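Subject: Structure handover

Dear colleague,

I am passing on the structure below, together with notes on what was found in it. Please read the notes with the structure open beside them.

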Amino acid sequence: MEKKKTFYITTPIYYPSGNMTLGNSYTTIVCDAYARYKKEQGYDVYFVTGTDEHGQKIEFKAKEKNVTPIEFVDEIVSNVQELWKALKISNDDFIRTTQKRHTDVVEKVFSYFLNKGDIYLSEYEGWYCRECESFFTETQLVDGKCPDCGREVVLQKEEAYFFRMSKYTDKLLKYYEDHPNAIVPEARKTEMINNFIKPGLEDLCVSRTSFDWGVKIKENPKHVVYVWIDALMNYLSVLGYLSDDDTLFKKYWLNGDEKIHVLGKEITRFHVIYWPIMLMSLNLPLPDRFYSHGWLIMKDGKMSKSKGNVVYPLPLINNYGIDAVRYYLLREIPMFSDGLFTMEQFIDRYNNDLANDLGNLSHRSISMINKYFDGIIPSYKGRVTEFDKELEEVGKQAIELFIKHMDQFEMNVAIEKLFVYVSKANKYIEDSKPWALAKDETKKEELASVMVHLANVIYQVCVFLKPILIEKSAFILDLLNVNEALRNYQSASKFGILENVKVSDKPTPAFVRLDAKVELEKTKESIYQPK
Ligand code: MSP
């Protein structure tokens, strides 16, 4: 058998300064859907996520609560892990930056950079934002406040280590010239190159003495490693880099076929500038692609704790199930620009796409197969009715476009294209009027063709939606009694595979229409509770 290509995919590691929001869940769901998609495509996938637990902000928060930093993060990290479990996230590992397997690597690479002369000791003065754990120069501030989060900044001066980023400016520029598709979307790449790299990189401050909660620098323990070196190294430490067993590192990173990082746009700079330079210094291969997605925003702007408009995922999962949440986020939020979250749209998507389009199509079709053919999907005899050809052609194109856009990481577009097929199938029922065919003895073959066509549309759509609707696609495929061996992309690519199968005689609807008014009232407050 041919060896599978490897595919390594990561989420950013999240700050456990509070419970995960719908925004954090969005990134994780995007990666999960993509990891599942690549598996369907035959890749050997390794998918990781984790938590970024060091830094001043966590130290503050713990103090506020009168607990130690590790006690503070332990509790939140356990909530994070439970949430990902509830969402059935398929990650292969979960890295915590407080784990020894990680801190060992950070210590080792820091010493390596120091010995190599890429890190040197100097003094830093700058405007520091505690929330973002970032220093800013005077000119970067917006109205004297943090340019990223808008909070107050303080002038801070301290002895600190610096990474010689400037040394790598030309090499990095050359790299992006040679790999023009490495940063997606293009606009973000242009911004990074023109605003940050071309003007010449400033050396990056990579240590702090103003707090304790971090990896101590062995050579000078009053310093702790500044969060970004610590955080970024997770992408290698989770694979066992520099440990006794570095099999995964060799397989997925060093000799891996594809390695991608998915991240929110606000941390693009750290990923596409500092991380590649660290890798260059370590003489390691660079990731193939950085996907920098947009934000989930609210009517009154970005979700923010101070505005009290942060949405949490649990109430949505508990009320509507994980697939409704996954579907909404992946379908509604454009991958590379900001997308507005509203409960009205959430309910609309659920009712229109899932309940009316997909749910109804499955329910009606399976009920008709029961009514007209004793529950047995008739044999596929090619294109019999005048509407069959058009349906099959729309389907072929929809699947091709789905794959094309998934490959380009445009999941919202991919889903939209596939649902064109679902709508077409609903229209096909109206056009071919099976209820009329059933009344005419001479139309038995046409009726059989309509039924097998409908069964095959549902089968194909549900197989291709497997990475997105992880429970309901299986639920519908079960109603159709589709053999496990056929639940894969390769089988479902061909029309007409599903035939002569006995479907469920009690097709419970996969999605039941929601009453918008009732649901809006139900979620009015609960979605803002930081559970
Ligand atoms: N710890 C750093 C990342 C280090 S990676 C080496 C960090 N953590 S975070 O907890 O702030 O998580 C940020 C990520 O969560 C964003 O990059 C984004 O992927 C996701 N999101 C958080 N809020 C979001 C929205 N409102 N919308 C979309 N994604 C958002 O930064």
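The domain assignment of the protein chain gives domain 1 (6–293) and domain 2 (317–492), bounds of this kind coming from an automatic or database domain assignment. The model is a predicted one, in which local features need pLDDT of at least 70 and side-chain atom pairs count only at pLDDT 80 or more, while totals for chains, interfaces and linings use all residues. Residues are numbered from 1 along each chain as its sequence is written, and side-chain values use heavy atoms, with hydrogens and water left out.

The centres of the two domains, taken over C-alpha atoms, are separated by 40 Å, and 25 residues from domain 1 meet 26 residues from domain 2 in the contact (heavy atoms within 4.5 Å). Between them domain 1 and domain 2 bury about 2200 Å², 70% of it on carbon and sulfur atoms; buried area here is the accessible area, with a 1.4 Å probe, that two parts lose on being put together, summed over both. Of the area that domain 1 buries against domain 2, 28% is supplied by Tyr26, Tyr37 and Glu40, more than by any other three residues.

Across this interface the rule finds four salt bridges (a side-chain nitrogen of Lys or Arg within 4 Å of a carboxyl oxygen of Asp or Glu). It also finds eight residue pairs in polar contact, both residues at pLDDT 80 or more; a polar contact is a pair of N or O atoms within 3.5 Å, where within protein one must be able to donate a hydrogen and the other to accept it, and residues adjacent in sequence count only if both atoms are side-chain atoms. On the side of domain 1 that touches domain 2, α1 (22–40), α3 (69–86), β11 (258–264) and β12 (289–293) each supply at least two residues, and α1 gives the most, with ten residues. Helices (H or I, at least four residues) and strands (E, at least two) are DSSP runs, numbered from the N terminus.

The structure holds 33 salt bridges. In one of them, the side chains of Asp44 and Lys251 meet at 2.7 Å, N to O; Asp44 lies in strand β2 (residues 44–51) and Lys251 in helix α9 (residues 247–254), so the pair ties together parts that are 207 residues apart in sequence. Another salt bridge joins the side chains of Lys88 and Glu471, at 2.6 Å, N to O.

Kind regards
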